[in-house]
Amino acid sequence: MHRPFSAAARSAWCLGLVLAGLAAFGPIGSPRAAAAENDAAIAMHGEPELPKGFDHLPYADPQAPKGGRIIYGQQGTFDSLNPLVVLGVAPDAVPRYVQQSLLFRSADEPFTAYGLLASKVELNSERTRLAFQIDSRARFSDGKPVTAEDVIFTFEMLKTKGKPFHRSSLARVTKVEATSPDRVVFELGDGSNRELPLVIGAMPIFAKHATDAEKFGDTSFKPALGSGPYLVEEVKPGEMLRLKRRKDFWAEDHALTRGLFNADEIRYDFYRDSNALFEAFKAGLYDVRLESDPTRWMTGYDVPAVRDGRIVRDTFRFQTPKGMTGLVFNTRRPQFADIRVREALAMLFDFEWANRNLFHGVYRRAGSFFADSELSALGVPADQREKALLAAFPGAVRDDILAGTWAPAATDGSGRDRDQARRALDLLEAAGYRLNDGQLRKDGKGEAFGFEITVTNRPQERLALNYATSLARLGIAVSVRLIDDVQYWRRLSTFDFDMIQWTWPASASPGNEQIGRWGSANAERKGALNYAGVRSPAIDATLQALLAARAREDFVATVRTLDRLLLSGFYVVPLYYLPETWLARAREISLPERRPKFFFSNETLARSPSPPAPAN
């Protein structure tokens with residue numbers, strides 16, 4: 001009797017076909033040179049830009065003023081200080097400011113990381129063996145040195161009790177050992193996951209002697225003991241978190257920290273409502289705000305504090321792909337199981353009307369998970385490398401998406417585009433749905449088709465209500481439910497929703513995080529980010545090929561293939577993206593003149609003791 005492949009065997013077989021297809025077009029790429037110019041850095045592709053012995057990061061200002069306090073405002077609340085475990089809602093303050101990792105990612109390169117706790121990195125050309133030499137100066141805030149045992153302890157805790165991303169990524173390590181008190185070696189299997197060395201290097205290192213391994217996965221307001229520049233000074237659960245700069249920080253004059261971490265005190269204040277959060281900023285209650293609401297940016301800042309210069313507004317353009325914001329179908333729900341239904345519902349979002357009437361025309365329509373970059377498949381025909389990747393999965397990508405002729409459905413902008421509604425209804429009828437007495441029903445009978453959109457703030461609610469109105473015209477009953485932040489995250493962690501609005505940010509070097517978002521193994525794993533419930537052998541194989549790609553052209557081909565597969569699956573209603581990044585800040589908060597190329601870095605901010613005079 002024929003025995004079907006196991007999931008692991010099927011994945012290995014599919015990946016073999018994918019890589020064999022690529023091999024027909026030449027070698028996957030030359031391995032990294034054994035002797036790199038900087039032996040304390042590694043890159044996902046190519047070589048690190050900065051040489052060994054560089055003085056400071058190009059976008060950091062070593063002369064930035066030190067001292068003062070910077071306050072950040074955040075919407076929501078928190079019930080833990082450890083964002084690296086499944087339970088709880090936690091801010092990023094502790095791993096960002098209290099802990100440190102072996103490597104520090106540069107905001108100037110697609111994915112290059114330089115040695116921070118590690119003074120030296122050894123990575124063989126096959127990427128199967130990784131070793132870190134820990135800086136002899138590195139100290140936790142209690143004065144004890146950072147050791148190889150601390151690194152191994154952190155690795156084991158994150159692999160067994162961390163979020164699904166760390167569990168799945170770190171599980172690929174076949175062996176880890178301390179060859180000396182300050183040297184740790186990782187064996188990385190066959191080296192096919194080329195990002196794994198960077199994932200390991202990015203782990204925030206916990207102190208073994210000060211961490212309870214049994215309670216590591218629990219929610220807790222006890223901050224981790226770290227080696228970073230700050231200590232947690234005060235916690236008001238759910239309301240406020242205050243950090244104070246260490247006077248004995250071991251890396252005060254390290255090349256990676258020179259010009260960074262400039263404030264003596266950092267405070268996070270939490271606001272449950274987005275309007276209260278914005279009003280607090282205008283009143284000067286916190287200092288820095290990354291703005292994502294076009295209406296607020298266009299009209300909400302016409303206030304005295306902006307006019308007299310107390311609040312400064314900046315606009316940045318980064319080279320990072322813009323990612324995808326969309327309304328996510330939970331395909332675990334039976335009403336979203338049919339791809340024709342999902343495509344029809346995606347047609348009914350009237351971007352043209354919403355952009356003009358709700359968002360001042362500043363958005364661009366999302367049509368790719370890697371928009372505004374060479375990684376996007378939108379409008380680009382598949383090349384031979386992409387076709388080779390897809391050869392084992394005929395029909396996995398629609399013909400128009402493969403040809404680069406597909407685009408998100410456009411309307412006439414009236415808010416009542418009848419032609420678009422007719423096309424959507426045709427798809428719904430092909431899926432077996434009929435209108436009966438103004439309601440859409442399976443075969444015209446039975447329970448009315450409908451679902452709930454779960455939102456966590458007023459802007460999401462406004463958009464969802466607008467979309468629900470469009471769907472109601474086709475007899476689709478949609479309810480919109482606004483819930484608090486903690487409840488929202490708990491429901492997401494167990495996939496207890498019909499539809500949500502979500503943004504998947506993109507980097508210039510997508511990698512392991514894509515498995516967490518789209519891998520079949522994460523479709524039912526609590527706390528995973530596969531909110532759509534994607535289960536696709538073609539996507540699984542492409543994700544493995546993405547991690548195995550060495551040459552840049554193969555990497556681009558695999559990311560574009562992933563983009564085409566996701567678009568073909570209609571897992572989301574594509575919404576929009578901002579081509580720019582908007583920052584509002586108190587006049588006293590200064591930025592370096594040189595901006596990072598790929599993403600905004602909070603660590604570069606400083607409070608000027610004598611701010612420039614207000615504008616006339």
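How many residues make up the hairpin that joins β3 to β4? The hairpin runs through 6 residues, and the strands around it are described below.

## Basis of the model

This is a predicted model, in which local features need pLDDT of at least 70 and side-chain atom pairs count only at pLDDT 80 or more, whereas totals for chains, interfaces and linings use all residues. Residues are numbered from 1 along each chain as its sequence is written, and side-chain values use heavy atoms, with hydrogens and water left out.

Strands here are DSSP runs of E with at least two residues, and helices are runs of H or I with at least four, numbered from the N terminus; two strands pair if DSSP finds at least two bridges between them. Strand β3 (residues 103-105) pairs with β4 in the antiparallel sense over 3 bridges, with R105 standing opposite A113 of β4.

Strand β4 (residues 112-115) is also joined by 3 bridges to β1 (residues 41-43), again in an antiparallel arrangement, and here T112 of β4 is the bridge partner of A43.

## Nonpolar cores

A nonpolar core is a set of buried Ala, Val, Leu, Ile, Met, Phe, Trp, Tyr and Cys residues joined through side-chain atoms within 4.5 Å, where buried means under 20% relative accessible area with a 1.4 Å probe, protein chains only. The largest such core has 54 residues, and those with the most contacts inside it include L345, F349, F449 and I476. Among the elements that give two or more residues to this core are helices α9 (339-347) and α14 (458-472) and strands β14 (324-329) and β18 (450-455). Apart from it lies another core, of 45 residues, among them A366, I401, A538 and L565.

Leaving aside neighbours within four places in sequence, F449 is in contact (heavy atoms within 4.5 Å) with residues including F336, V341, L345, Y433, L440 and I476.

## Cavities

The structure holds 3 cavities of 30 Å³ or more, a cavity being a set of points on a 1 Å grid over the protein atoms alone where a 1.4 Å probe fits but cannot get out, with lining residues having an atom within 4 Å of a point. The volume, which is the space filled by probe spheres set on the points, is about 60 Å³ for the largest cavity. Its lining includes Y59, F316, F318, R594 and R595, and divides into 7 nonpolar, 2 polar and 2 charged residues.

The second largest cavity, of about 40 Å³, is lined by residues including I70, Y72, Y97, N262 and E603, and its lining divides into 8 nonpolar, 2 polar and 1 charged.

Terms used
On a 1 Å grid over the protein atoms alone, a cavity is a set of points where a 1.4 Å probe fits but cannot get out, and a pocket is an open set with protein on both sides within 12 Å along at least five of seven lines; lining residues have an atom within 4 Å of a point. Ala, Val, Leu, Ile, Met, Phe, Trp, Tyr, Cys and Pro count as nonpolar, Asp, Glu, Lys and Arg as charged, and the others, Gly among them, as polar. Buried means under 20% relative accessible area, exposed over 50%, partly exposed in between (1.4 Å probe, protein chains only).
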